[in-house]
Amino acid sequence: MATFGERIANFFGGNDSATQEGLHGLFVTELKNIYYAEKQAVDALGEQADASTTDEVRSAFLQHQDETRNQVTRLEQVFNSIGVDVEEGACAAIDGLADDAQLVVSNTESGSLTRDAGLIIAGQKIEHHEIAAYGSAVTLAQVLGYTEAARLLEQTLDEEKNTDKKLTALAESFINSRAASESDNDSYRNDNDRDDYSQGGVVSPDGTRYSDSSYGSTTSTGSGYTNSGTGYTSNGPIGGTSGI
Ligand SMILES: [Fe+2]
């Protein structure tokens, strides 16, 4: 039986068809999952833009929504470049991250900067997921010799990284400090209970704020969230081209 080293040498020498087929299958599955995730991201970005407080944050989400539509088209080009039918897979991660973004909206006061800070954090979580997914996909494409696919995927990877940086800059420029100075305890409701949310227990139907102290959180909770989001980002993007 070949040693692991021999198998790697065989693979890169084009003599290990089983590994080649396995990685090809993995690559196609990843592509389908990213394709599904990007389509969900288009919707999520629209919802985040609608819920935003400031024009700056709204336009950042709308701009990336446009970019994401192009990314969907670019993924179709990737499928075509390797002769595989365009097809959506599944991605529980994006489903959960989009749910988290909705939770930010239900937990924050309409018109508050805390909401924008929360939306930026939720947006960055989506970007970080995409950066990891695209970084891995680029690496797989390169290993498999899919040059055109790697080029296209790298283009999107760069866009995702730029969006992440833009969101950090937005948060640092004014959203964080102004959100921290919002003088009430009502702009953030510390409630992550999705069951309550689905039963309508968190958000008042007419959008009025809760007076129930059980939902009250402190300003420091809100700003702490924001700061940790920014700190996370300043550690640099995860994934990258060596994501696997
Ligand atoms: Fe994207």
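Read along the sequence, what pattern does the protein follow? The pattern is α-α-α-α-α-α-α-α.

## Model and confidence

This is a predicted model: local features need pLDDT of at least 70, side-chain atom pairs count only at pLDDT 80 or more, and totals for chains, interfaces and linings use all residues. Residues are numbered from 1 along each chain as its sequence is written.

The mean pLDDT (the predictor's confidence in each residue, from 0 to 100) is 79. Of the residues, 73% reach 70 or more. Over residues 193-244, pLDDT stays under 50. For that stretch the model has 81 contacts beyond four places in sequence. Two residues are in contact if their C-beta atoms, placed from the backbone, lie within 7 Å.

## Overall build

The protein has eight helices and zero strands. Helices (H or I, at least four residues) and strands (E, at least two) are DSSP runs, numbered from the N terminus.

Among contacts with a separation of 6 or more, 80% join residues 24 or more positions apart.

## Helices α4 and α5

Helix α4 spans residues 92-107, and helix α5 spans residues 113-144. Their axes come within 9 Å and cross at roughly 175°. Axes are lines fitted to C-alpha atoms, for helices over the stretch in contact, and angles run from 0 to 180 degrees between N-to-C directions. The two helices are therefore roughly antiparallel (an angle over 145 degrees).

From α4, the residues A93, I94, L97, D100, A101, V104 and V105 take part. They meet R115, G118, L119, A122, K125, I126 and H129 in α5.

Terms used:
Parallel < 35°, antiparallel > 145°, perpendicular 65-115°, else oblique.
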